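This report covers selected packing and surface features of one model. The sequence and structure come first.

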Amino acid sequence: MTMADSCREVLDDLERYLDGECSSRLEAVISRHLADCSPCLSRSDFERALREMVARHCQGAAPAGLVDRVMERLS
């Protein structure tokens, strides 16, 4: 497996990793990869910071009707 393949696999599972939703085996694989791959580590750091910012600034409820309007536009 090339580094590019390994990176692609890690990035495919990064969301679950950051959410703590992957197996302990997969968590260990991703952690080792991030320790050795600065581009993937940078992506992970960015994703983690983005999640923290959203959590910090988006604590209120969505305005009434927003979900319906978004769903209507997506249809």
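## Contacts of Ile30

Ile30 is in contact (heavy atoms within 4.5 Å) with Val10, Asp13 and Tyr17, leaving aside its neighbours within four places in sequence. This is a predicted model, in which local features need pLDDT of at least 70 and side-chain atom pairs count only at pLDDT 80 or more, while totals for chains, interfaces and linings use all residues. Residues are numbered from 1 along each chain as its sequence is written, and side-chain values use heavy atoms, with hydrogens and water left out.

## Nonpolar core

Ile30 belongs to the largest nonpolar core, which has eleven residues: Cys7, Val10, Leu14, Tyr17, Leu18, Cys22, Leu26, Ile30, Leu34, Cys37 and Cys40. Such a core is a set of buried Ala, Val, Leu, Ile, Met, Phe, Trp, Tyr and Cys residues joined through side-chain atoms within 4.5 Å; buried means under 20% relative accessible area, exposed over 50%, and partly exposed in between (1.4 Å probe, protein chains only).

Helices α1 (3-18) and α2 (24-36) each supply at least two residues of this core. The most comes from α1, with five residues. Helices here are DSSP runs (H or I, at least four residues), numbered from the N terminus.

## Ser44

Ser44 lies in helix α3 (residues 38-57). Ser44 counts as buried because its relative accessibility is 1%. Leaving aside neighbours within four places in sequence, Ser44 is in contact with Leu14, Leu18 and Leu34.

## Leu66

Helix α4 (residues 66-74) contains Leu66. This residue is partly exposed, at a relative accessible area of 31%.
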